[in-house]
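Take a walk through this structure with the sequence at hand.

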Amino acid sequence: MPFSNSSELSPSFLLASIPGLEAAQAWVAIPLCSAYVLALLGNCAVLLVVRAEPSLHAPMYFFLCMLAAIDLALATATVPRILCFYWFGSREISFGACLLQMFLIHTLSAVESSVLLAMAVDRYVAICHPLRHAAILTNGATAKVGLLAMARGVLFFLPLPLLLLPLPFCGSRALSHSFCLHQDVMNLACANTTPSVVYGLTAILLVMGLDAVLICLSYLLILKAVLRLAAWRERLKVFSTCIAHICVVLAFYVPLIGLSVVHRFGKNLAPLVHIIMGNVYILVPAVLNPIIYGVRTKQIQRRILSLI
């Protein structure tokens, strides 16, 4: 569907509908809305519990609050717009709104990756250097890490929409997801996108890629320290403090890698696969993170039960 002359100056895009289920999208949106509500309730509960429970005023749970806030922001930046499309047929999204949504998705994902790395470092220091843990990871240091994570995400991913801003869009305007991603929008440009491709790949490798490598390195050091313990019970007890964080890392990186693989090698895949992987990437961490820490942390369990 080509743009008109007027839309070339201020293009708009078409969000991807569910192929074969266009007439039933209102019903399909119900589980999506339910997952969004569950993410809102779960992450808000984590924020309230950590605030109200003095025993949880520690760096690990402050990082957990950062994750909850990021997941709330990421889900709110995408899901309400998807529901407007599915329920009210508002498929078209303006160029400016698309770039803003794209910037928020990539920036918040980068911030979440940085926070996961900080949580891995917290686990490493707590297990390998327990006597220095309180001195290294103070509340002030935790706040600085959060600010640095936010600044890092903004600095690395602000150029993405700026590189797309001057490009002409004169061909198809149909996206492959129900929200805007950099690679998806970039593929619709009818100009040389090499700078955007190179910078986007570099930013992903220097942020998410580097964080993943450092998280793996921290757990290799943790595993090395745990194996030095004589008794198996002690090993399991120490390593069990990392299980919740490992699950959260997997809940973030597995959908991220899956979505990247679909974009890179899934050109011949059915459009439904792109839509499902996109929704999984947005909602799975937001839904699972509070559940994982709610199951693994007795203080959070007790406080949530008392709130109920």
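Start at Phe62, which is found in helix α3. Helices (H or I, at least four residues) and strands (E, at least two) are DSSP runs, numbered from the N terminus. This is a predicted model: local features need pLDDT of at least 70, side-chain atom pairs count only at pLDDT 80 or more, and totals for chains, interfaces and linings use all residues. Residues are numbered from 1 along each chain as its sequence is written, and side-chain values use heavy atoms, with hydrogens and water left out.

Phe62 has a relative accessible area of 23%, so it is partly exposed. Here buried means under 20% relative accessible area, exposed means over 50%, and partly exposed is in between (1.4 Å probe, protein chains only). Which residues does Phe62 touch, leaving aside its neighbours within four places in sequence? They are His57, Asn139 and Thr142. Contact means heavy atoms within 4.5 Å. Asn139 is 77 residues from Phe62 along the chain, yet their C-alpha atoms are separated by 8.4 Å.

Now look at helix α2, residues 25-52. It has 28 residues and spans 40 Å from first C-alpha to last, close to the 40 Å expected at 1.5 Å a residue. The expected span is 1.5 Å times one less than the number of residues in the helix. Several residues of α2 are buried, among them Leu32, Tyr36, Gly42, Asn43 and Val46. Their cover includes α3 (59-88), α12 (271-296) and α13 (298-307).

Helix α4 comes next. Its 34 residues reach 49 Å from the first C-alpha to the last, close to the 50 Å expected at 1.5 Å a residue. Of those 34 residues, 26 are buried, so α4 is largely enclosed by the rest of the structure.

Turn to the cysteines. A disulfide is a pair of cysteine sulfur atoms within 2.5 Å. By this rule the model has 2 disulfides. In one, the sulfur atoms of Cys98 and Cys180 lie 2.0 Å apart. Cys98 sits in helix α4 (residues 95-128) and Cys180 in the loop between α7 (159-164) and α8 (182-186), so this pair ties together parts 82 residues apart in sequence. The link is left-handed, with -120 degrees about the S-S bond. Both Cys98 and Cys180 are buried.

Another disulfide joins Cys170 to Cys190, with 1.9 Å from S to S. Cys170 lies in the loop between α7 and α8, and Cys190 in the loop between α8 and α9, so the pair ties together parts 20 residues apart in sequence. Cys170 counts as partly exposed at 38% relative accessibility. Cys190 is also partly exposed, with a relative accessible area of 35%. Counting bonded cysteines along the chain, the disulfides follow the pattern 1-3, 2-4. Cys84 is in no disulfide; its nearest cysteine sulfur, that of Cys33, is 11 Å away. Cys84 is partly exposed, with a relative accessible area of 33%. Cys216 is in no disulfide either, and the nearest cysteine sulfur, that of Cys242, is 13 Å away.

A salt bridge is a side-chain nitrogen of Lys or Arg within 4 Å of a carboxyl oxygen of Asp or Glu. By this rule there are 3 salt bridges. Arg173 pairs with Glu92, their closest N and O atoms 3.2 Å apart. Arg173 lies in the loop between α7 and α8 and Glu92 in strand β2 (residues 92-94), so the pair ties together parts 81 residues apart in sequence. Arg173 is buried at 14% relative accessibility, while Glu92 is partly exposed at 42%.

Arg123 bridges to Asp122, with 3.0 Å between the closest N and O atoms. Both residues, Arg123 and Asp122, are buried. Asp211 and Arg152 also form a salt bridge, at 2.9 Å from N to O. This pair links distant parts of the chain: Asp211 in helix α9 and Arg152 in helix α6 (residues 139-157), 59 residues apart. Asp211 counts as buried at 0% relative accessibility.

Finish on the surface. Leu220 is found in helix α9 (residues 194-227). At 56% relative accessibility, Leu220 counts as exposed. Leu210, Leu214, Leu217, Leu220 and Leu221 form a nonpolar surface patch, with about 420 Å² of accessible area together. Patches are made of residues with over 30% relative accessible area and no salt bridge, joining like charges within 9 Å and nonpolar side chains (Val, Leu, Ile, Met, Phe, Trp, Tyr) within 5 Å. Accessible areas come from the Shrake-Rupley method with a 1.4 Å probe, and for residues only the protein chains shown count as cover.
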